[in-house]
Amino acid sequence: MPRRAWVMTQTWNDLLFAHWPVSAALLQRLVPREFPIDIHEGKAWLGVVPFHMTNVSLRGVPALPWISAFPELNVRTYVTIAGKPGVYFFSLDAANPLAVRTARLLLNLPYFTAVMNVTAHAGGVEYRSRRKSGADAELQVSYRPIGSVFNPEPGTLEYFLTERYCLYNRFRSGATYRLDIHHPPWSLQPATAEFRRSTMGDAAGIVLPDTPPLLHFSRRQDMVGWGAEPT
C-alpha cells in the first residue's frame, strides 16, 4: 500500500465479473500506448462488471444516503506498468450525476450518467442500465452465484482478472497517472447470467466474441483509495 494516507472509501456489492477473451492488438489500438495490454496465457480480456456501491465517502466525512449509494457499471481491460498490474477503464456508467461530474473533472475518467435499476431476487440480481446520452450503451442482465466461495490463487486466470490494486488513466493534459486502491483478497463464486441485452462492448468499439463469458460473483468488497500519482 502507499505510505500516504488514503482519501476515500467505497463498498462494492453484488458484483458480476463477466469476461471475454479479446484480441490484444485490438485492445491496444484503443488504449493509450503508455499502458501495455496485459495478457494471461496468450489471451487479453475485456470485463463487463455491474455492481452497486455504498459507503462512498471521503475520509472523515460520513456517508450520505443520497450521494453515497448508487449503481455502477464498468467496462475494463488489464494493463501493467513497471511490473504493477492495474485496470484500464473504457467506461464507467453510474446513476449519480454528481459522482460522474466529479470523476470527469478531477480524474478525466470516462464516466457517464445512466438510468439504472438493481433489484435482488431469489439469491441473485436483476440489473438494468441505459446510458443517457452518446453511444448506445445498455445492459439488461440477471445473474446469481452458483458455487462455493473461493479466494483466487496467484497464477490463475481468476487472480489475473481480479487481484489488481490500481487503475491507470490520462489527465486532460495527456499526463498519465496511477490511482491506487486496497481491499481484502477477493472472495469469488462461480456465477450464471442471462444477458437479455448488452451493447457495452460495442459502445467501447469492441465486438465481443460469440462465446459464453467467464462469470464470477462477489457479494461484497470494502476498499479504500488514494489520490492520483504520476506514472
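The model is predicted. Strand β10 pairs with β7 and also with β11. T9 is buried, whereas A82 and A122 are exposed.

**Strand pairing**

- Strand β7 covers residues 138-145, and strand β10 covers residues 189-198.
- These two strands run antiparallel and are joined by seven bridges.
- Q189 has F217 in β11 as its bridge partner.
- In a regular strand, side chains alternate between the two faces of the sheet.

**T9, a buried residue**

- T9 sits in strand β1, residues 8-22.
- Is T9 buried or exposed? T9 counts as buried because its relative accessible area is 15%, under the 20% cut-off.
- Which residues does T9 touch, leaving aside neighbours within four places in sequence? The contacts are N55, V56, S57, M223 and V224.
- With N55, the contact is polar: side chain meets side chain at 3.4 Å.
- With M223, a polar atom of the T9 side chain lies 3.1 Å from the backbone oxygen.

**Helices and the surface**

- L98 belongs to helix α2, residues 97-107.
- With a relative accessible area of 41%, L98 is partly exposed.
- A25 belongs to helix α1, residues 24-30.
- A25 is partly exposed as well, at 48% relative accessibility.
- How far apart are the C-alpha atoms of A25 and N117? They are separated by 35 Å, and the two residues are 92 residues apart along the chain.

**Two alanines with positive phi**

- A82 lies in the loop between β3 (70-81) and β4 (84-94).
- Phi of A82 is near 50°, a positive value in a residue other than glycine.
- A82 counts as exposed because its relative accessibility is 84%, over the 50% cut-off.
- A122 is found in the loop between β5 (111-121) and β6 (124-131).
- A122 is not a glycine, yet its phi is positive, at about 45°.
- A122 is exposed, with a relative accessible area of 78%.

Note on methods:
Residues are numbered from 1 along each chain as its sequence is written. This is a predicted model: local features need pLDDT of at least 70, side-chain atom pairs count only at pLDDT 80 or more; totals for chains, interfaces and linings use all residues. Side-chain values use heavy atoms; hydrogens and water are left out. Two strands pair if DSSP finds at least two bridges between them. Helices (H or I, at least four residues) and strands (E, at least two) are DSSP runs, numbered from the N terminus. Buried means under 20% relative accessible area, exposed over 50%, partly exposed in between (1.4 Å probe, protein chains only). A polar contact is a pair of N or O atoms within 3.5 Å; within protein, one must be able to donate a hydrogen and the other to accept it, and residues adjacent in sequence count only if both atoms are side-chain atoms. Contact means heavy atoms within 4.5 Å.
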